[in-house]
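Work through the exercises below with the sequence and the structure side by side, and try each task before reading its solution.

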Amino acid sequence: MEFFNRVSELDAVLNWSRLQLDNLNLDNVEDSRKKDIRQLCLTFNRLTILPDSISLLYNLEVVDISNNALAFICEDITKLMKLRTFIARNNQLDESSFPKEFGSLQIETLNLSGNRMKEIPAQFLELKRIQSLSVGGNRLKNIPTEIENLISLETLYLGGNLISTIPPELANLPRLKYLALCDNRIQSIPPQLSRLNSLISLSLHNNLLTFLPREILNLVHLQELSLRGNPLVVRFIKDMTYDPPSLLELAGRTVKSRNIPYRHSDLPDHLHHYLNLASKCPNPKCAGVYFDSCVRHIKFVDFCGKYRLPLMHYLCSPECTSPCSSSSQSDTESEEENNVPVDRLQKVLLG
Ligand SMILES: [Zn+2]
């Protein structure tokens, strides 16, 4: 990395890269020098454990131990109170390789891509100051809901794993700017992700997505969205299953859509609660509402005047689809589409 080669910081850098080391022996490093060392580079060696001797370099801020055969991180790493960046790409680490107190570190950047983790270790979810977490190219099957604890996170890279679902809790990261979920097995995106107000870049290429939630239009800062390598539907799909509304739903729809006045004291609690659950039909030509019974419907929306994205939305009845969806071409004039600012997304990568 660039900072290891800067001459002005020579004293602060210990670069023992490519020396075929299988241990970290600091006996020949003077104590005064140990105090000065801020950055340690041990890349391309033969270390299988990160030994306790690392804590002798107690002022370390940056450690890069990528491309070794590392399977175990010593307990004493937790003594490095100034450690901000820990990089251990391309090793053999799994979720049991880390000391129990790893979460007490003040790490801001953690890169463990190219390892063997099947899940994100619980200690990582305690790293309160972490801004950038990379666990790409591992064997992760899911994202823990506790990811929401990492409220300082700005970059989350989870590409190249075996992830099939995204927990809605991921949407509770107010500072997240870059989210990479490419090269996984994701079939759907939870609509809650539209709450990621800081999101600039969303990588979803090479997954199993057939559509996106229409709420994705609410990501007002999104500049880049990659979707290539997904089986996105390209043509209007015939209406999907539609269970007819219950009598309760029909009565509720009538009360709501005709604005029939009612007071809490007029109704049993459960009916009052039910009426509050009404969703407005998103078809601008329909003033209706629905409760449990709705039509799932793919709608194509133009981005950049060039790409057409399939978005899922819900309508109150099969008739509601007809004004704007009888073919994949005829909905280009719909109001909703004209509301999408064409200059907003700078890049949509589909092919
Ligand atoms: Zn409707």
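The secondary structure of the protein comprises 5 helices and 18 strands, where helices (H or I, at least four residues) and strands (E, at least two) are DSSP runs numbered from the N terminus. Residues are numbered from 1 along each chain as its sequence is written. The model is predicted, and local features need pLDDT of at least 70, side-chain atom pairs count only at pLDDT 80 or more, while totals for chains, interfaces and linings use all residues.

**Exercise 1.** Find which residues of helix α2 are buried, and say where they lie around the helix.

*Solution.* Start with the term: a residue is buried if 20 or more other C-beta atoms lie within 10 Å of its own, exposed if 12 or fewer, and partly exposed in between, with C-beta atoms placed from the backbone. In α2, which spans residues 247-257, the buried residues are G252, R253 and K256. Seen down the axis of α2, these residues fall within an arc of 105°, so they line one face of the helix; the arc is that of the directions from the helix axis to the C-beta atoms. An α-helix has 3.6 residues a turn, so residues three or four places apart point the same way. The face of α2 turned away from the buried side carries the exposed residues L247 and T254.

**Exercise 2.** Place L21 in the chain and list what it touches.

*Solution.* L21 belongs to the loop between β1 (13-15) and α1 (31-36). L21 is partly exposed, because 15 other C-beta atoms lie within 10 Å. Two residues are in contact if their C-beta atoms, placed from the backbone, lie within 7 Å. Leaving out residues up to four places away in sequence, L21 touches W16, L42, N45, R46 and L47. From C-alpha to C-alpha, L21 and T48 are 9.9 Å apart in space, although 27 residues separate them in sequence.

**Exercise 3.** Decide whether Q20 is buried or exposed, and do likewise for D183.

*Solution.* Begin with the general rule that most residues other than glycine have a negative phi. Q20 is not a glycine, yet has a positive phi of about 55°, and Q20 is found in the loop between β1 and α1. Q20 is exposed, because 7 other C-beta atoms lie within 10 Å. D183, also not a glycine, has a positive phi of about 55° and sits in the loop between β10 (178-180) and β11 (201-203). D183 is buried, with 20 other C-beta atoms within 10 Å.
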